[in-house]
Amino acid sequence: MKSFALILWLVLANGREQVLATKHYDSLADCQKAAQMLKEEHASKGRNTRSLCHLVIEEDTNVDEYGNPVKPKP
């Protein structure tokens with residue numbers, strides 16, 4: 001299961017941001033390494049970027065639309 005998502009933004013001159021990439025990784029270290037490589041790649045082109053490695057928490061599908069536990073049918 002992939003548990004970390006990398007989000008990379010391009011910081012525009014007017015202060016706004018634009019999402020450049022999103023990708024999933026198996027570990028925080030892999031995500032941070034990829035983020036650093038992408039930052040350096042864009043910096044060499046004169047682009048300012050910002051990144052975030054975000055822990056992805058798997059959704060519990062054993063609940064109904066109100067968050068109540070759903071009991072398995074016998």
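Arg50 and Glu17 form a salt bridge, with 2.8 Å between the closest N and O atoms. Arg50 belongs to strand 3, residues 48-55, while Glu17 belongs to strand 2, residues 17-25, so this pair ties together parts that lie 33 residues apart in sequence. Please bear in mind throughout that the model is a predicted one.

How exposed are the two partners? Arg50 has a relative accessibility of 37% and therefore counts as partly exposed. Glu17, at 39%, is likewise classed as partly exposed.

How many salt bridges does the rule give? The count is two. The other pair joins the side chains of Glu41 and Lys45, at 4.0 Å from N to O. That value deserves a remark, because the rule asks for a distance within 4 Å. Here Glu41 is partly exposed, at 38% relative accessibility, whereas Lys45 is exposed, at 52%. The line between these two classes is drawn at 50%, which is why Lys45 falls on the exposed side. As a general point, side chains of opposite charge can pair when their charged atoms come close.

In what order do its strands stand? The sheet is open and has three strands, in the order 2-1-3, with antiparallel pairing. On average, neighbouring strands are turned by 20° against each other, direction ignored.

Strand 1 pairs with strand 3 in the antiparallel sense, over eight bridges. Within this part of the sheet, Phe4 stands opposite Leu55 of strand 3.

What lies across the strands? Helix 1, residues 28-43, lies across strand 1, strand 2 and strand 3, and runs at about 20° to strand 1.

I shall finish with Ser3, which lies in the segment before strand 1, residues 4-11. Is Ser3 buried or exposed? Its relative accessibility is 14%, so Ser3 counts as buried; the cut-off for that class is under 20%. Neighbours within four places in sequence aside, Ser3 is in contact with Tyr25, Asp26, His54, Leu55 and Val56. One of these, Leu55, is the residue that stands opposite Phe4.

Methods. Residues are numbered from 1 along each chain as its sequence is written. This is a predicted model: local features need pLDDT of at least 70, side-chain atom pairs count only at pLDDT 80 or more; totals for chains, interfaces and linings use all residues. Side-chain values use heavy atoms; hydrogens and water are left out. Helices (H or I, at least four residues) and strands (E, at least two) are DSSP runs, numbered from the N terminus. Buried means under 20% relative accessible area, exposed over 50%, partly exposed in between (1.4 Å probe, protein chains only). Contact means heavy atoms within 4.5 Å. Two strands pair if DSSP finds at least two bridges between them. Axes are lines fitted to C-alpha atoms, for helices over the stretch in contact, and angles run from 0 to 180 degrees between N-to-C directions.
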